[in-house]
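Hi everyone, thanks for coming. Please take a moment to look at the structure on the screen, and then we'll walk through it together.

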Amino acid sequence: MFLRALCVASTLACLLTSCAGRPATEGGTLVSAFAAAPAAANPGRADAHDPVPLTPVAWGRLNNPNGLAGRTIEVASLDDLKLREKEVALTFDDGPMPKKTEKILATLDQYGVKATFLMVGEMAKAHPDIAKLVARNGHTIGSHTYRHPNLRTLSFQAAIAEIEEGRRAVSAATEQEVGFFRFPYLADNKSLRSWVARDGMVVLDVQVDSKDYFADSPAAVATRTMNALRAHGRGIILLHDIHHRTAAMLPALLTQLKAEGYKVVSLHRAKPAPFLTASLSH
Ligand SMILES: [Zn+2]
């Protein structure tokens with residue numbers, strides 16, 4: 001019964017996918033999880049091929065879930081986003097989405113960790129109560145444009161209008177300042193990155209792509225994510241809070257992170273130094 005419900009939900013989640021499309025690999029910083037999974041053959045790491053158990057029994061083996069939370073990193077600029085070995089930052093894009101986002105929030109609470117939510121402006125506008133709940137629960141707020149276009153396909157002016165509209169909508173819905181930004185499909189370019197920085201937001205790149213936008217089982221997503229992470233050793237993990245499979249596999253992923261000694265750091269947007277603000281405003 002549970003499995004059937006899971007299958008139906010996964011199919012629905014697949015239909016709702018908005019971030020699917022080209023598997024983003026630009027910039028050369030993104031680990032290809034599919035390549036990493038079979039080839040994560042790092043002989044020095046005995047756990048490189050271990051599947052992630054996706055059963056309540058496995059989740060229950062975590063005695064002290066609160067030990068998973070790591071430090072808070074004060075991020076004034078991209079340079080501050082330096083993760084140490086075995087540190088990860090969880091990021092959820094494309095929401096908020098009813099039922100999925102709340103479920104993810106409950107799991108994060110249960111494990112005592114904070115994440116960063118890169119909200120799509122029109123989603124935040126459509127679901128302001130959930131957007132506020134994310135902020136109230138102490139998670140970090142970022143934006144992800146207003147309509148989730150590929151900004152590389154727009155004119156520069158149209159692209160910055162999208163970014164600004166998204167930021168305003170997310171800020172209005174969450175009643176918080178928006179200090180982080182992620183490019184839809186990770187489709188950036190140099191001039192847009194510079195503009196975002198001048199506008200006072202820090203671009204969040206990705207080192208570990210869960211590829212949870214593919215219609216795989218929750219267990220497959222968790223295993224793929226862990227394999228990519230094991231190959232990388234640390235990193236910002238890309239997830240989406242619009243998919244049932246992501247919400248379903250999150251307890252298993254967090255349990256496995258804890259079991260392998262990872263720490264989930266939280267990101268706090270620190271104000272840049274005043275002289276920097278002044279020089280960037282021109
Ligand atoms: Zn997205």
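**A bend in a helix**

Let's start with H10, which bends by about 40° at leucine 250, and proline 251 follows within four residues. The bend is the angle between axes fitted to the seven residues ending there and the seven starting there. Helices (H or I, at least four residues) and strands (E, at least two) are DSSP runs, numbered from the N terminus.

A word on the source: this is a predicted model, where local features need pLDDT of at least 70, side-chain atom pairs count only at pLDDT 80 or more, and totals for chains, interfaces and linings use all residues. Residues are numbered from 1 along each chain as its sequence is written, and side-chain values use heavy atoms, leaving out hydrogens and water.

Now for some loops. Most residues other than glycine have a negative phi, and most peptide bonds are trans. Lysine 86, in the loop between strands E1 (69–75) and E2, has a positive phi of about 70°, and lysine 86 is partly exposed at 29%. Glutamate 175 also has a positive phi, about 60°, and at 59% relative accessibility it counts as exposed. Finally, a cis peptide bond joins glycine 95 and proline 96, and proline 96 lies in the loop between E2 (87–93) and helix H4 (100–111).

Notes
Buried means under 20% relative accessible area, exposed over 50%, partly exposed in between (1.4 Å probe, protein chains only).
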